[in-house]
Amino acid sequence: DARQTFRITAMKVLVTGAGSLLLGGVAQALVERGDEVVCVQRRKLVTAHSTSLTQYGVDIRDREALTAAAVGCDAIIHGAARVGVMGSWEDFYSTNVDGTINILRAATEHRISKLVYVSTPSVAHVGHAIEGDVATPATTGRKHAHYAESKAQAEILALLANSAELGVVAIRPHLVWGPGDTQLVGRIVERARQGRLVMVGSGHALVDSTYIDNAVSAHIAALDAVAPGSRCAGKAYVISNGEPRTVNELMSRICLAAGVEFLPKHIPAVIARNIGSVLERVWPLIRKDEPPITRFVAEQLGTAHWFDQRPAQEDLNWKREVTLDEGFARLAAWFQTQ
């Protein structure tokens, strides 16, 4: 391969949000290849045993504690965020936007030269199908999607901080799943077991997804590639397996791997959006968990979302290693051990 190899020496990397499947995987992979890692998350993980990994139970809204944790670091991978649909705008803003501002201040204070901002494709979602597009600029103005809106504002701030001293790249992983995933896999399997699995429309919309190992390797590739003035600095990239499948196939194969029956209830897209609109207003008044559907989720499940992976492959020197079929096989093997 004639492409440039970006990694030269070991680094000390601050990883925020390491309590998640993705960022925990990133931290572990960095340690395994010889980097020193400082993990920041709200609660310390009890499973870490490496002397190359230091953990701090720090809320990223705590500017002083976060800045102290970043002492001596060469790079940052910032993935800590408030996710989901429940909570006030102030809750999402303080974590996702103010927290990112604290990260940028820490990078400036310690003269850190590399920042990978972990974003989401929803920052550029405007309600229509996406078929083979590259990452388009983040947009703001969503009144009822606090997560997407706050992440969009944070990504814009992060990329604006790209400079001659700090190289910033935004990575938007799309539908990450794999063994141990409590989000996509966990919710689909739980609802299938309870007979509450919903399919918006026909289920024939093509969507990208990302096997966990590929998402991890993409973020590490971004870390190695980004630097002040580098080809990827100041840009955003959507990451996926590059193997779009229908929503129906994705859900059914997850259920098959888990050994649960796949009998979704089909709801027309227009009705699903209307139901989602009502639940967004009513659900927080009666429940504390996530509503079964929202307008945003209805739009995501009912429209195509798949992306051109060539920019990430070329600019980050990255390619996926685990195919979806292999990923489903690994998922099935994992469920058999549970």
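**Ground rules.** I worked on a predicted model in which local features need pLDDT of at least 70 and side-chain atom pairs count only at pLDDT 80 or more, while totals for chains, interfaces and linings use all residues. I number residues from 1 along each chain as its sequence is written, and side-chain values use heavy atoms, with hydrogens and water left out.

**Salt bridges.** I took a salt bridge to be a side-chain nitrogen of Lys or Arg within 4 Å of a carboxyl oxygen of Asp or Glu, and by this rule I counted 16 salt bridges.

**Arg245 to Glu249.** I looked up this pair and found a salt bridge with an N to O distance of 2.8 Å. For exposure I used relative accessible area from a 1.4 Å probe on protein chains only, with buried under 20%, exposed over 50% and partly exposed in between. Arg245 is buried at 17%, whereas Glu249 is partly exposed at 26%.

**Glu249 to Arg253.** Glu249 also forms a salt bridge with Arg253, where the closest N and O atoms are 3.6 Å apart. I take helices as DSSP runs (H or I, at least four residues), numbered from the N terminus; both residues lie in helix H7 (residues 247-258), 4 residues apart, or about one turn of the helix. Arg253 is partly exposed, with a relative accessibility of 25%.

**Arg253 to Asp325.** Which helices does this pair tie together? The side chains meet in a salt bridge at 2.7 Å, N to O, and because Arg253 lies in H7 and Asp325 in H11 (residues 324-337), the pair links parts that are 72 residues apart in sequence. Asp325 is partly exposed at 41%. Through shared partners, salt bridges join Glu243, Arg245, Glu249, Arg253, Arg320 and Asp325 into one network.

**Helix H6.** H6 is mostly covered, since 12 of its 14 residues are buried, including Ile212, His219 and Asp224.

How values were computed
Helix = DSSP H or I, 4+ residues; strand = E, 2+ residues; numbered from the N terminus.
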